[in-house]
Amino acid sequence: MEAGGAYSRSSRVQAAGLVPGTTLFEHAAADVELPPSPHAILLADYGAASGHNSLRPTSVAIAALRMRIEHERPICVVHTDVPENDFTALFQTLSNDPESYLSHDTAVFAMAVGRSFYQQILPSASVTLGWSSWAVQ
């Protein structure tokens, strides 16, 4: 995968098409069964690339979850992609983009898994909610 945020620059059209999926994701976050407190809530971002197309859906889901849980309860966002992904661009997006969910909530934690989502990459029964911009496209 080309480095330096090339994926984000070339996927603006796809990002614009995420609005209907984002609305559905928000409804799912409002209705999904949650693990018992104090366990963390885990959101999986399957096929994250540089993270740009995941910012809005993830932020919307976190806001919907926060309406249901105490603010101190941790939410973990696991961004997944193939090992060749530009994970530096992903974490720069999460750190620097003003729309990043990390800039709004100190009890949200970002992490990454460098493996294809065509195999099991997270423990069974650990994911509360999952997003894939690629599947939406």
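How many bridges join S1 to S2, and do these strands run parallel or antiparallel? Six bridges join them, and the two strands run parallel. This is a predicted model.

- Four strands form an open sheet in the order S3-S2-S1-S4, with parallel pairing.
- S3 and S4 stand at the edges of this sheet. Each has a single partner strand, so one side of each lacks a neighbour in the sheet.
- On average, neighbouring strands are turned by 20° against each other, with direction ignored.
- Strands of a sheet pair through backbone hydrogen bonds, in either a parallel or an antiparallel way.
- S2 covers residues 75–81, and S3 covers residues 108–114. Seven bridges join these two strands, which run parallel.
- Asp81 has Gly114 in S3 as its bridge partner.
- In a regular strand, side chains alternate between the two faces of the sheet.

**Helix H5 and the crossover**

- H5 spans residues 87–96. Together, S2, H5 and S3 make a right-handed β-α-β unit.
- H5 lies across S2 and S3. Its direction is at about 170° to S3.

**Helix H4**

- Which residues make up H4? The helix runs over residues 55–66.
- H4 has twelve residues. From first C-alpha to last it reaches 16 Å, close to the 16 Å expected at 1.5 Å a residue.
- Why is H4 described as largely enclosed by the rest of the structure? Ten of its twelve residues are buried, so the rest of the structure largely encloses the helix.
- The buried residues include Leu55, Pro57, Val60, Ile62, Leu65 and Arg66.
- These buried residues of H4 belong to a set that packs against H3, S1, S2, H5, S3 and S4.
- An α-helix has 3.6 residues a turn, so residues three or four places apart point the same way.

**Ser54, in the loop between S1 and H4**

- Ser54 sits in the loop between S1 and H4.
- Is Ser54 buried or exposed? Ser54 counts as buried because its relative accessibility is 1%, and the cut-off for buried is under 20%.
- Beyond its neighbours within four places in sequence, Ser54 is in contact with Asp45, Ala48, Trp131 and Ser133.

**Backbone details in the loops**

- Most residues other than glycine have a negative phi, and most peptide bonds are trans. The next points name exceptions.
- Ala49 is not a glycine, yet its phi is positive, at about 55°. Ala49 lies in the loop between S1 and H4.
- With 3% relative accessibility, Ala49 counts as buried.
- Ala125 also has a positive phi, near 60°, and is a residue other than glycine. Its loop runs between S3 and strand S4, residues 129–131.
- Is Ala125 buried or exposed? Ala125 is exposed, because its relative accessible area is 87% and exposed means over 50%.
- Where is the cis peptide bond? A cis bond joins Ser37 and Pro38, with omega at about 15°.
- Pro38 is in the loop between helix H3, residues 19–31, and strand S1, residues 41–46.

Key: Residues are numbered from 1 along each chain as its sequence is written. This is a predicted model: local features need pLDDT of at least 70, side-chain atom pairs count only at pLDDT 80 or more; totals for chains, interfaces and linings use all residues. Side-chain values use heavy atoms; hydrogens and water are left out. Two strands pair if DSSP finds at least two bridges between them. A crossover is right-handed if, with the strands pointing away from the viewer, the path from the first strand over the helix to the second runs clockwise. Buried means under 20% relative accessible area, exposed over 50%, partly exposed in between (1.4 Å probe, protein chains only). The expected span of a helix is 1.5 Å times one less than its number of residues. Contact means heavy atoms within 4.5 Å. Axes are lines fitted to C-alpha atoms, for helices over the stretch in contact, and angles run from 0 to 180 degrees between N-to-C directions.
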